[in-house]
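I opened my notebook with a few things to look up.

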Amino acid sequence: MRRVHRARWVLPIAQPPIRDGWVATEDQAIVGLGGPHTCPADGAGEQILDAAILPGLVNAHTHLELSWMRGQVAPAPNMPGWVERLMALRRTVGHEPPLPIVDAIAEARASGTTLLGDITNTLAAYAPLADSQMSAAVFRELLGFNVSDSGGVVATVRAQVEKRPPVAWLRPSIVPHAPYSVSPELLDAIAAAQSNRPVSIHLAESAEEIEFLQCGTGAWRTLLSALRVWNDSWSPPGCSPVDYIEQHGLLNERLVAVHCVQLGDAELRKLANAGATVVTCPRSNRWTGAGRAPVERFYASGVRVAVGTDSLASVEDLSVFSELALMRELAPSVPPRALLESATMHGAAALGFGDELGTIEAGKRAELIAVLVPDGVDDVEEYLVSGITADRIQWLA
Ligand SMILES: [Zn+2]
């Protein structure tokens with residue numbers, strides 16, 4: 001059925017906001033949009049909203065399977081200390097409880113999210129995602145610093161992924177965890193195994209990672225030794241995280257570089273020149289002790305920026321609107337429009353869904369939200385990055 005949604009504001013993202021706009025949908029697709037002086041052909045099923053219509057948001061980095069840890073891993077002054085707390089807690093369970101995953105997906109949906117970049121070590125969220133309306137880039141993540149048969153490890157995991165029933169809106173790929181937790185050989189094997197899907201990696205999250213790659217010392221080295229996975233034949237590359245992953249074939253337009261808290265301007269420009277994406281998760285960075293996300297420098301570098309919440313182990317909720325509010329606070333010079341592009345269009349493109357989601361354009365999927373806008377709001381973009389709560393959000397049928 002064809003429907004026409006009229007609203008005080010329409011934010012197509014691919015073009016500036018339209019005052020008193022409309023969006024027409026049919027069979028779950030967008031078929032048209034316009035302003036007050038253009039007339040939709042058919043007003044059947046019309047509704048008028050005192051709201052802003054925008055595309056469903058994209059949370060480009062989370063770990064649904066950690067949802068059971070909500071509120072159980074206290075903030076720490078530095079990231080290795082936080083990771084130790086998380087690992088100790090994870091060892092207390094034999095598998096990831098499914099109910100918190102189901103609840104987290106529902107909560108993300110209620111807060112306006114239509115697409116996730118979901119990191120998984122166990123595929124525990126695959127079935128709950130398949131049962132939901134949430135689209136996802138499913139990043140099956142590998143760790144292994146002392147692995148004897150890297151190609152075999154990748155082949156085994158690939159077979160495990162391919163055993164899952166294919167779901168049109170779930171797109172799996174095999175990805176590395178981070179430069180300090182994956183051996184050079186395993187990085188190479190993962191890079192060699194890719195098709196055209198995006199590849200996520202936690203990059204330059206902590207100062208300890210920079211030290212580890214430069215000198216081979218510090219807290220990450222200590223942790224690898226404590227876990228008995230240290231490899232005596234490894235020697236530090238003596239370079240930055242960006243140069244390191246470039247040496248291992250991962251620096252390209254499909255790279256989804258998560259966090260990047262510790263990168264300098266030259267490295268950010270290098271990511272930009274490669275067409276890669278930085279996913280910023282500033283609330284998580286604050287919680288884990290990784291540091292203050294340099295959001296203004298991300299945008300100044302010209303790199304494509306997307307937004308992630310990270311997992312419920314290091315953030316209060318999975319709301320992209322909450323993340324946007326902190327980004328606005330950390331980066332007052334970045335226009336709200338750029339932040340909204342990151343939370344929609346850039347996230348969708350980074351996760352390989354740019355042709356279907358992320359903007360309001362004819363032919364894309366009609367996964368649209370309406371955000372109630374109070375009287376007296378003139379700058380709707382500024383309003384939308386001020387911390388929108390779920391009670392102000394409605395999905396358009
Ligand atoms: Zn993460």
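My entries follow, one topic at a time.

**Ground rules.** I'm working with a predicted model, where local features need pLDDT of at least 70, side-chain atom pairs count only at pLDDT 80 or more, and totals for chains, interfaces and linings use all residues. Residues are numbered from 1 along each chain as its sequence is written, and side-chain values use heavy atoms, with hydrogens and water left out.

**The metal.** Which residues coordinate the zinc ion? I found His61, His63 and His202, each through NE2, at 2.0 to 2.2 Å. Donors here are N, O and S atoms within 2.8 Å of the metal (3.2 Å for Na, K and Ca), and since water is not among the atoms, sites may look incomplete. I wrote the donor spacing down as H-x1-H-x138-H. His63 sits in the loop between strand 5 (57-62) and helix 1 (79-90), while His202 is in strand 9 (residues 199-203), so I noted a link between distant parts of the chain, 139 residues apart. For the numbering, helices (H or I, at least four residues) and strands (E, at least two) are DSSP runs counted from the N terminus. Both His63 and His202 are buried, meaning under 20% relative accessible area; exposed is over 50% and partly exposed in between, with a 1.4 Å probe and protein chains only.

**Aromatic rings.** How many aromatic pairs does the structure hold? I got seven. Rings of Phe, Tyr and Trp (its six-membered ring) pair if their centres lie within 6.5 Å; planes under 30 degrees apart are stacked, over 60 edge-to-face, and the rest tilted. Phe212 and Trp230 have ring centres 6.2 Å apart and planes at 85°, so I logged them as edge-to-face. Phe212 is in helix 6 (residues 207-215) and Trp230 in the loop between helix 7 (219-226) and helix 8 (241-247), so this pair ties together parts 18 residues apart in sequence. Trp230 also pairs edge-to-face with Trp234, with centres 5.7 Å apart and planes at 75°. I then saw that ring pairs link Phe145, Phe212, Trp230 and Trp234 into a cluster. Phe212 is buried at 0% relative accessible area, and Trp230 counts as buried at 14%. Trp234 is buried as well.

**Charges over rings.** I looked for NZ of Lys or CZ of Arg within 6 Å of a ring centre and within 35 degrees of the ring normal. Arg109 lies over the face of Trp395, at 3.9 Å from the ring centre.

**Positive phi.** Ala204 has phi near 50°, a positive value in a residue other than glycine. I placed Ala204 in the loop between strand 9 and helix 6, buried at 0% relative accessibility. Cys260, also not a glycine, has a positive phi near 55°. Is Cys260 buried or exposed? Cys260 is buried, with a relative accessible area of 0%, and lies in the loop between strand 10 and helix 9 (265-274).

**Two loop residues.** Thr359 is in the loop between helix 13 (336-350) and strand 13 (368-372) and is buried at 3%. Gly249, in the loop between helix 8 and strand 10 (255-259), is partly exposed at 47%. I also checked Gly249 against Ser235: their C-alpha atoms are separated by 19 Å, and the residues are 14 apart along the chain.
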